[in-house]
Amino acid sequence: MRSMPISLIPFCSPTLRPRSRPIARASLTFVAALLAGLIQSGTSSAQSYSDAPMFADKVASGDLPPVSQRLPEHPAIADMSEAGRYGGELDMLMASAKDTRMMVVYSYARLVGYDRDFKIVADICESYDVEDGRIFTFHLRKGMRWSDGKPFDAEDFRYYWEDVANNHDLSPTGPPSVLMVDGEAPKVEFPDKYTVRYSWSKPNADFLPALAGTTPLYIYRPSHYLKKFHAKYANADELAEKVKEAEQPSWAALHNRRDNMYKNDNPKQPTLDPWMLMTKPPSDRFVFERNPFYYRVDPRGRQLPYIDRVVFDIVDSKLIPAKVGAGEVTLQARNLRFDNYTFLKDGETRGDYRVRLWTSGSGSQVALYPNLNTNDEVWRKILRDVRFRRALSLGIDRHEINQVIYYGLAHESGNTVLPQSPLFDAGYANAWAGFDIDQANRLLDEMGLDKRDDAGIRLLPDGRTADILVESAGESTEESDVLELIRDSWAQLGIRLYVKPSQREVFRNRIFAGDSVMAVWTGLDDGIPTAETAPVEFAPTSQQQLQWPKWGQYRETMGESGTAADMPVAAQLLDLLQQWRDAETDETRTAIWQQMLRIYSDQVFVIGTVNSVPQPVVAKDFLHNLPETAVYNWEPGAQFGVYKPDTFWLDESATATAATN
Amino acid sequence: MTPPTDIATTAAPEPMAREPLAHRTSTAPFDPYSVERMNAEQERYYLASQWRMMWWKFRRHRLAVISAAFLTLVYFIILISEVLSPYALHSRHVDFIYAPPQGVHLFDQGKFVGPFVYGLDYRLNMQNLKREYTENRDRVEPIRFFCLGERYEFWGLFESRLHLACAAEGGTMFLLGTDRLGRDLLSRILYGARISLTIGLIGVAVSFLLGLGLGGIAGYYGGWVDAAVSRLIEIVRSVPHVPLWLALSAIMPVNWSPILVFFGITLILGLLDWTGLARAVRSKLLALREEDFCLAAELMGARPRRIIWRHLIPSFMSHLIASATLAIPSMILGETALSFLGLGLRPPITSWGVLLNEAQNINVVALYPWLMFPVLPVILVVLAYNFLGDGLRDAADPYK
Amino acid sequence: MFTYLLRRLIVMVPTLLVISFLVFAIIQAPPGDYLSTYMAELQSQGEAVDQAKIDFLRHQYGLDRSFLEQYAVWVGNLVQGDLGYSFEYGLPVNQVVGDRLALTIVVSVATIAFIWLVSFPIGIYSAVRQYSVGDYALTFLGFLGLATPSFLLALVLLYFANVKFGISIGGLMDPSFADAPWSWAKARSVLAHLWVPVIVIGTSGTAGMIRRLRANLLDELQKQYVVTGRAKGLSPAKLLWKYPLRMALNPFIADIGGLLPEVVSGAVIVSVVLSLPTTGPMLLDALRSQDMYLAGSFLMFLALLTVVGMFLSDLALAVLDPRIRLGAAATK
C-alpha cells in the first residue's frame, strides 16, 4: 500500500500567467510526487509490503498494526516458481492428537534450515557466521515479532540459556547433549539486541544440523510468555495459584507443561510458525490460523503464508487412505503408502485431486539388521564373519521384491545413500546386492558351514540348524511380504528364516539387550546426506542402530553402559567419524565420507533390499506451488517442510468447491 | 365304556327261593387297555428312551439338522484340506498377483470339454499401476482331477503330492482369486479352516471345564461359596473384554512357537467366556438340589462330588451341550476380532482371522473384493453353530 | 426385600474394589509404562529423545514407584472423585472423557433402541410360528449380523455409504460441522452417519435378544394358563399380549445390566474402524500407550456402570416380578 507521508501542497506562484497555471500545477505535482517517493524510499526499505485481506478489518480498526510494522525490517524472501494469491483453507488428516507437532514440522521455521538442495541456509536469523567450525554468530532480524506481537530478540535466547537450560529445576540434567562438546558447555554471548554467539573450544559439527533439524533444537523461547511461569520472574503467590489451578506438582512442571514449542498443543503459546494453533485440546479437529507477524514475504513483498487456515482432522490411521480417496483432503502424504496408489488414482476424477509420486528418502525401505551384539555366542561369531553377511545379501532376489511389491518402480540396492545425494556412487549401491546363489553358497561353505542336515539346512558349528529368527515390530505388511520372498530365496542357501512379530517396545528392548539375532526395520534415516552432514549413521554412535546397539550405547553414555566396539572395522569407522569432525575442508570431509560409505557397504553391516520407493502425495487440483517430484524424507526434509508450505496457494476453484460443499 | 349288553332290563324279579341274584357287572374277560388302547405310533412314543425323544424333537428343527450336516461336512473337510486345496499353503505366483477369480466353464464354443478355466493374460496399467487380467479365450486349461501337484506335508507327518483338483500343466486355477503375493485364496481358506475351527473347540473345552467346575460347586454348596463364585462371575462380566484381551496378549511371551501362541489364544478366549455356562449350571443345580433323587443319594451316604457328577450333571447335560455349542461361534468371532486388534494369530500362520484382517483395508474393498470371500465361511459356520445350538437347546428337555 | 437390596448394595463395594485391582493389574501388565512406550514410538520414527528428560518425567509423574504404591494413590484419588491425569493428552481425565461421553451415549442409546425394535417382533413371530418358513427366514436374518465380523462389515458399509450416498467417510458427522454449534443441518449429518455404526453394532446384539425372547415365550406359551385362556375364549392376540409376553419381557429388563458393557465393548472395534469420536477408540489408545489413569479411571467408570446397571435391573425385575419379590425359586 503506497502511502504518502507528505501531503501534496501544490505550489502556486501568483507570478505565473493564468493560462499556464494548470500546466505548472501538473508539473509541480509531478516533481513533488517524485520527491515524496524518494523521501519515502529513503526512510523505509526499498520494498513495500502487503498482507492478506483476512486482516483488512483488524488493521482498519486498529487491532493489528499495519503490515510494514508487523514484518521485520528485512523479512526473509521466499523464492518460488509462481506468485500466488491469498485465501483458502488447507485440510489435512492426522492419525492422533499428538500430531499437532506436524504443524511445526511442516512449517519448518528454523533458526537455520535446509533448502531444497539440503544445504543449510539462514532462515529465521538474517545471517550467520561460522568461525573454525566452533564459533557461531547469528544475526537476528530487526523488528521480528512473535505471533502475539511481542518482539523477538536476543532476550529470548538469553532467557533460554540462563533461565531454562541452566536452571536446575527446569533442566536437572543440564543443557541438551548436542550443546556439549566433550563435556564442555558453550560460551553464550549477546553482543547486542540482535546478535547471539555460541562458542566452544573445539568444533561442534552437530550444532547447525540440530538447529535445522526436523525435531529442532530450540535455543530460544517466548520469554515474555514463559516468564509468567518462572519462579524467578513471576509473583510467588500468583505463580502458586497458577500451579494449583493447572494441577501440577510444582512451578517447574507447570513451566515445562506450558513450554512445548515442538509439541505445539498450547494455543496461548506464541510461535514463529506461519500458522498458529487456535483450538484448545482435546479435540478431533485442530484449526491453525495465519500468523499476522510471520517473517517471510514473497518476491512481490506480500506477507506469507498465502493460505488463511490449516485444519488437521484426527482420524484413525487405517481410515485415512479411504478418506483421501473420497476427496476429503487438500494435501496429504502422511499415512499414505505406495500400495494405496491404485486406489487413490482411481478416485482422482471424483475427488478433484491428483496423485503425485515423490521418492522416499530412506536408505532402504526394508532392511535386515544382523545383531552383532547378540548374546548367543555361536551366532555372534557367525554374524561377525563378513562372508556370512555378504552371502545373506547375495541370497536376496531384489529384482523379485521390486517387481512383486513395488511394480519395478523402486531401486534395487544395498542400504546406502540415494542417487539424489552428491555422495552417491553406484558401487556402494551394488556392493553385494546382486542375486547370486552360487557365490553365496560358496561363501558359506568357505566359512565352514558346509555341513547340512537331511532337509538340506546348514548346520552351525554346535550342531544346531541354521534357523534365523528375524524379529519385527509387527506393524507393516510390507515387511512381512518382503520377508516371505526372502525366506524362499534363503532356502536355496540352506538357511531357514522364521519371522517373529512382536510389539514395538518389546522388539527394541530385546535388540538392545542382545536377545535377538536379527531384526527387520527401515534402513538409513538420512539417505540424502551431503559432505557437511555428520556421518553418524555409519559408525556405532547410538543404541538405536539395531546392528550394533551395545557399541552405540557405549558411545552414547560415554562409556557408562554397553560395550566398546571390539571389531577392528567398527573401531575404524569411529575413528573416521572423529576425523570428519576434525576436518577443516570440504574435500577432506567428502573423502572421509567416501571412505566410510565404501567400508559400510563392503562390510554389509545392514542388509538392504530396495530404496527410492515411491511415496504417493495427494493434492487437490487447485493447490499450487507443490513440486511435481521431490524427495519425501523426515530428516532432513521435514516431509513437506523444505518445500515451504507457506508458499503453497489455492486458486479460485478452491472457494467454489467449498461453497458447493 | 360300552355298557354291558347282557344285563336284563326287566323289572326287579321276584326273589326265587335260595337262588343267587343276577350279576350287574359284565362277565366279559378283563382287558386293562380297553379304554386307552395305544396304536403302534403312540406306543413307540411312550416307550422311547430320553435320547431318542431328544433326537425326534431335534429333527423337527430343520435348520438345526441342516446345520449339523453342514458342520460335519466342514470338519471332515479340514481333515483333508491338503488334498482338497489346489495349491500348497505357502505357494505363491509372482506373475499372478491380485488375480481375480477364474470361472469354471464346461462348454467351449458350444463343445463340451469338461471342467476347465480360460488362461489369464496379464498387463500392468502404467497409468494407475493396476494389474489387469483378461481371460484369453484361446487358451483352454482343463482342470485335472486326482493329480500330482505341489508338494505338501500331510498334517506335518508325511509328504505327498496328491490333490483332488489342480490346474492344467503350466496353467492356473485360481477359483477365488489371489492375494498380494499371488497366493491362491481357496487354498488359504481351506488351510485356515483348520486353525479357526479347532480354536473354537479347544476354547470351549477350557470354558466348559471352568464353568462346570465353578458353577457346580457354587450351585451345590450354596451359602458363601455360592456368593463368592457369583461375585467372581459378576466381576469377570463387568470388565470389558477388549482391555482384558490386550493385557493377556501382552503377557504372552514373545518367544513362544506358533503352536503355543495358538493355545495361548484359545486359553485367553476360554477364560473370558465361562461365565455364561457357570451361571446356567449354578441355577440349574440350585433348582435340582431340592429334587428327591438328590435327597435319596444324600441319604444313602454318597459324597457331594459323586452326587454332582453322577446324578445332578447328567440330568441337565443336554442343556450344557446346547450352551457349549452356542459358545463356539463367539470363539471363532473372538479369534477374528483378536486378529484385527493385532493381538491374535499373525502371519505366517494362516487362519480365517488372519485372512480377514488382511482384507480389512480400503484397497481390498474398492479394488480386490474377492479377498473378502473368507467372510462367507465364517458366517456360514457361525450360523450353523447357532442353529445347531438352538436345535439342541429346544431338544434338550424333551419332556416339556 | 429391603434387606436383600441393602445387602446387594453393601456387596457392591468390595466387588468394585476387586474390579479396581484387576483393572489396574491389567493395565500395568504389559511391560514398561507410558513413558517407555512413548519413547519407543518416538525413537522408531527417528525423532530425538533425551533419556535424561524421560527419567526426570518418570520421577515427576510417579511412574517409578512400586505397583502397590501407584495403585493406592490411584484408588485414593478415585474415591475422592479425582479421576487422575492423562499423560497422552496432558489434561485431567474428566476433561478428556467428558466430550466423548455425550456422543457415546447417543450411539449406545440408538443401538439399544435398534436392538429392541428389531428383536421384539422377530422374537415374537419366531415363538408363535415356530418351525415355519417365516421363522427360519427371520431368524436367519437376525443372526446374520451376529455371524459377520463387525470390523469388515463396518468398512464395507462405510465405503458403500460413501460411494452411493456421498456420506463422508467415518466420524459421526461431516467434518465441517465438528466445531459448529448444534443446528438442524448438523443433526441431519449426525443421523446420516449414525446408521452405519448402529446397524453394525446392533445386528450382533439382536441375535441374542431374539433367542432369549423366543425361548422364554415358548416356555410361557406351553403353560396351563394359556390353554385355559384359549379354552375360555380369549382371542389369540389378546392372549398373547396380556399374559405370556409380560413374563417373557424378563430378559429385556434383566439384560440391561449386561447390555451396556456389551454395547460399549463391541462398539470399541467398530468405533475404531469407523473412527467415531466416542470413548471406544480413546480407551483402546489409552490401553496401548499405557496411559494408565485415563484407561484405569474410564474402565472403572464402565465397571461401575455395569455393576450399578445389574443392580438396577435386579431391582426392576424384583419390582415387576412378584415371584422374585416373594422369594420363591430365585433366592434358593
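In what order do the five strands of the open sheet in chain A lie? The order is β18-β17-β19-β15-β20, and the pairing is mixed. The structure is a predicted model.

- Strands of a sheet pair through backbone hydrogen bonds, either parallel or antiparallel.
- The edges of the sheet are formed by β18 (496–501) and β20 (607–608) of chain A, each of which pairs on one side only.

**The make-up of chain C**

- Chain C contains 16 helices and two strands.
- Of the 332 residues in chain C, 40% are buried.
- Among the contacts in chain C with a separation of 6 or more, 73% join residues 24 or more positions apart.

**The contact between chains C and B**

- Chain C contributes 40 residues to the contact, and chain B contributes 40 residues.
- On the side of chain C that touches chain B, at least two residues come from each of α1 (2–28), α6 (133–147), α7 (150–165), α13 (256–274), α14 (279–288) and α15 (292–320) of chain C.
- The element that gives the most to this side is α1(C), with seven residues.
- By residue type, the side of chain C that touches chain B comprises 32 nonpolar, six polar and two charged residues.

Conventions: Residues numbered from 1 in each chain as written. Chains lettered and ligands numbered in written order. Predicted model: local features only at pLDDT ≥ 70, side-chain atom pairs only at ≥ 80, totals over all residues. Contact = placed C-beta atoms within 7 Å. Helix = DSSP H or I, 4+ residues; strand = E, 2+ residues; numbered from the N terminus. Nonpolar A, V, L, I, M, F, W, Y, C, P; charged D, E, K, R; others polar. Pairing = 2+ DSSP bridges. Buried ≥ 20, exposed ≤ 12 C-beta atoms within 10 Å, placed from the backbone.
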